[in-house]
Amino acid sequence: CAGTVTLTAQVGANTASTTVEARAPAAANVQFVGANPARIYLSGSPGVSQSVVAFKLIDASGNAVPGLPINLRLNQFPAGTYLGSTVGTTALEQSTDAQGLVSIAVNAGNQPGPVQVEATLVANPAIRNVSNALAVASGLPVQKAFALSVSTFNIEALNTDGITTDITLRIADRLGNPVPDGTTV
């Protein structure tokens with residue numbers, strides 16, 4: 001709590017009250033909470049092309065600090081990647097919620113590569129942190145990254161119907177990253 005706080009004590013029928021001024025908790029650190037999902041795919045590919053990156057503002061005791069503005073900006077990103085809902089946006093300002101959290105959507109563009117979002121407390125730029133583990137994968141399969149395997153190459157089924165073998169196809173993009181679920185083969 002912050003501001004004027006009334007303290008009341010009661011013993012039996014006796015009651016005493018006083019007021020004190022409480023200071024709001026001072027922000028001490030911005031924590032990277034996570035990116036969900038950690039891998040997104042190029043805009044227009046069959047995979048998910050948006051991730052939500054979250055940070056938490058805390059005080060020296062690890063308690064959440066609500067209601068303070070945080071500057072969020074793309075620090076490292078491949079071409080076309082943007083924040084929020086407006087194409088081309090690379091920086092936004094948002095206030096922390098009641099749990100001290102601030103989150104932003106990161107949208108993939110048309111180039112693969114690592115993405116890093118920086119969160120900076122507006123009132124004190126020394127309090128900042130960056131995200132990690134977020135990447136834009138190309139997602140488009142290439143012929144040289146197709147691998148086909150079967151569990152039994154020559155099944156004994158000349159005159160028998162219904163004999164099966166498992167066929168597995170592994171596909172990757174030009175950088176060796178797995179293609180997104182739902183890619184048509």
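**Exercise 1: Strand 10 and its partners**

Strand 10 and strand 12 pair in the antiparallel sense over three bridges, where strands are DSSP runs of E with at least two residues, numbered from the N terminus, and two strands pair if DSSP finds at least two bridges between them. The model is a predicted one, in which local features need pLDDT of at least 70 and side-chain atom pairs count only at pLDDT 80 or more, whereas totals for chains, interfaces and linings use all residues. Residues are numbered from 1 along each chain as its sequence is written, and side-chain values use heavy atoms, with hydrogens and water left out.

Solution. Begin with strand 12, where L134 is the residue opposite V115. Next, take strand 11 (residues 128-130), which pairs with strand 10 in the antiparallel sense over three bridges; here E118 faces V130, and the two strands form a hairpin with six residues between them. Then turn to strand 6 (residues 69-76), which is joined to strand 10 by six bridges and runs antiparallel to it, with Q116 in strand 10 as the bridge partner of Q76. Finally, consider the cover: seven of the nine residues of strand 10 (residues 113-121) are buried, that is, under 20% relative accessible area with a 1.4 Å probe and protein chains only, against over 50% for exposed and values in between for partly exposed.

**Exercise 2: Two loop residues**

Solution. T86 belongs to the loop between strand 7 and strand 8 (91-95), and because its relative accessibility is 48%, T86 counts as partly exposed. L140, in turn, lies in the loop between strand 12 (134-137) and strand 13 (141-150). L140 and P46 are 94 residues apart in sequence, while their C-alpha atoms are 8.9 Å apart in space. If neighbours within four places in sequence are set aside, L140 is in contact (heavy atoms within 4.5 Å) with A172, D173, R174 and V179.

**Exercise 3: The chain as a whole**

Task: What are the secondary-structure content, the radius of gyration and the extents of the chain?

Solution. The chain has zero helices (H or I runs of at least four residues) and 14 strands. Its radius of gyration, taken over C-alpha atoms, is 26 Å, whereas a compact globule of 185 residues would have a value near 16 Å by the rule of 2.2 Å times the number of residues to the power 0.38. Along its principal axes, the C-alpha trace spans about 100 × 45 × 25 Å. Of the 185 residues, 31% count as buried.
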